[in-house]
Amino acid sequence: MTAPSLLIRDLHLAFRGWAGQVDVLHGISLHINKGERVALVGESGSGKSVTARIVLGLLQQTRSARVSGLVAFEGRDLARMTEAERRRLRGNRMSMIFQDPMSSLNPVYRIGEQFHEVLERAEPGIGPVAARDKAAAALADVAIPDPERALDSYAFQLSGGMNQRVMIAMALANEPSLLIADEPGTALDVTVQAQTLELMRDLVAKHHTSVLFISHNLGVVREFADRVYVIYKGRIVEHGCTADLFADPRHPYTRALLAAVPRITGEGIPEIDDVSEAYFQPLVVHEGCEEPEVEA
Ligand SMILES: Nc1ncnc2c1ncn2[C@@H]1O[C@H](COP(=O)(O)OP(=O)(O)OP(=O)(O)O)[C@@H](O)[C@H]1O
């Protein structure tokens, strides 16, 4: 059997500061098979972004963070890799899309120059002509009408939706096997966000890219993901195939999230009351969605 693209088992994270230790992740387990789109959904502060940063190998370098548990990418334990190996994985075999393209696109370089840098990670020494051709093709793939013009532009000269497409094109340019998408398009208006997500879904399906999709928006998750993990205060509380989980949500927290859907705005999930007892309810795993065995 081939190893899952991503396997997380019993992941703990604590931050140490002058005021003591704060436990953020309390033993989360999840997996993504090759070509699967898996969502991690939960409210703000539940531990989604820190999980993404651990998968990218970024928090392991932070002095105040203590990370334990297994994170394996295509069967390889990240903790056993050197920092140089993890860096090679990032932006090459794994890549990330952020909610706000302006925070990851560099304002002082043209899109073409940034593309060249991205492509060099997979193909060191790639020349400017070859890089430009590849970049133009990648932009055409995300339906940017005039790729040559976009390559000569700065991010501020393009619309929010265009920048999001540029970021998707960059994230997929090196054909990563795992894409981490953190609330993509949240900064855009709803119609543009929907178009962007549809485009991303078509592209990852075409390339069999595995996706860890991080979101607080259940409506979007329902459209995008094959399987869903619901995270609440650093614990996975429910896990199932998307259709099963939406048809039969069993954990009180998932129910509360679903009940809140009509009130969800671009601002995220409103405060949910009366779920404190939810914290003590056991994990719900829908049929056929058990975590795989971990080989020693
Ligand atoms: N460097 C850090 N030092 C201390 N605490 C941190 C640090 N980074 C994150 N945290 C805490 O970890 C918890 C989880 O944060 P995280 O950013 O993963 O939440 P999230 O679910 O992604 O929320 P959002 O949807 O708002 O991005 C939060 O309580 C946050 O305050």
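Predicted model: local features only at pLDDT ≥ 70, side-chain atom pairs only at ≥ 80, totals over all residues.
Biologist: Which helix holds Glu117?
Modeller: Glu117 is in helix α4, which covers residues 111-122.

Biologist: And how far apart are Glu117 and Met170?
Modeller: In sequence, 53 residues. In space, their C-alpha atoms are 10.0 Å apart.

Biologist: Let's zoom out. How many helices and strands are in the protein chain?
Modeller: Eleven helices and eleven strands. The radius of gyration is 19 Å, close to the 19 Å from the globule rule for 296 residues, so the protein chain is as compact as a globular protein of that length.

Biologist: What does the C-alpha trace span along its principal axes?
Modeller: About 60 × 45 × 45 Å. Buried residues account for 41% of the 296 residues.

Biologist: What about contacts between residues at least 6 apart in sequence?
Modeller: Of those, 68% join residues at least 24 apart.

Biologist: How is the protein chain divided into domains?
Modeller: Domain 1 takes 1-93 + 176-296, and domain 2 takes 100-175. Their centres, taken over C-alpha atoms, are separated by 27 Å. The contact between them uses 15 residues from domain 1 and 16 residues from domain 2.

Biologist: Which helix gives the most to the domain 1 side?
Modeller: Helix α8, residues 190-207, with six residues. By class, that side of domain 1 has nine nonpolar, six polar and no charged residues.

Biologist: Now the inside. How many residues are in the largest nonpolar core?
Modeller: It has 78 residues. Leu212, Phe213 and Val230 have the most contacts inside it. Helix α7, residues 160-172, supplies the largest share, eight residues. Domain 1 and domain 2 each give this core at least three residues.

Biologist: Why would nonpolar residues gather like that?
Modeller: As a general rule, nonpolar side chains tend to be buried together in soluble globular proteins.

Biologist: Back to Val230. Which residues does Val230 touch?
Modeller: Leaving out residues up to four places away in sequence, Val230 touches Val41, Gly42, Ile236, Val237, Glu238, His251, Tyr253, Thr254 and Leu257.

Biologist: Where does Asp10 lie?
Modeller: In strand β1, residues 6-17. Asp10 counts as partly exposed, because it has 13 C-beta neighbours inside 10 Å.

Biologist: And what is phi for Glu74?
Modeller: Near 45 degrees, again positive in a residue other than glycine. Glu74 is in the loop between β4 (65-73) and β5 (76-77).

Notes: Residues numbered from 1 in each chain as written. Core = buried A, V, L, I, M, F, W, Y, C linked by C-beta atoms within 7 Å. Buried ≥ 20, exposed ≤ 12 C-beta atoms within 10 Å, placed from the backbone. Helix = DSSP H or I, 4+ residues; strand = E, 2+ residues; numbered from the N terminus. Domains from an automatic or database assignment. Contact = placed C-beta atoms within 7 Å. Rg over C-alpha atoms; globule rule 2.2 N^0.38 Å. Nonpolar A, V, L, I, M, F, W, Y, C, P; charged D, E, K, R; others polar.
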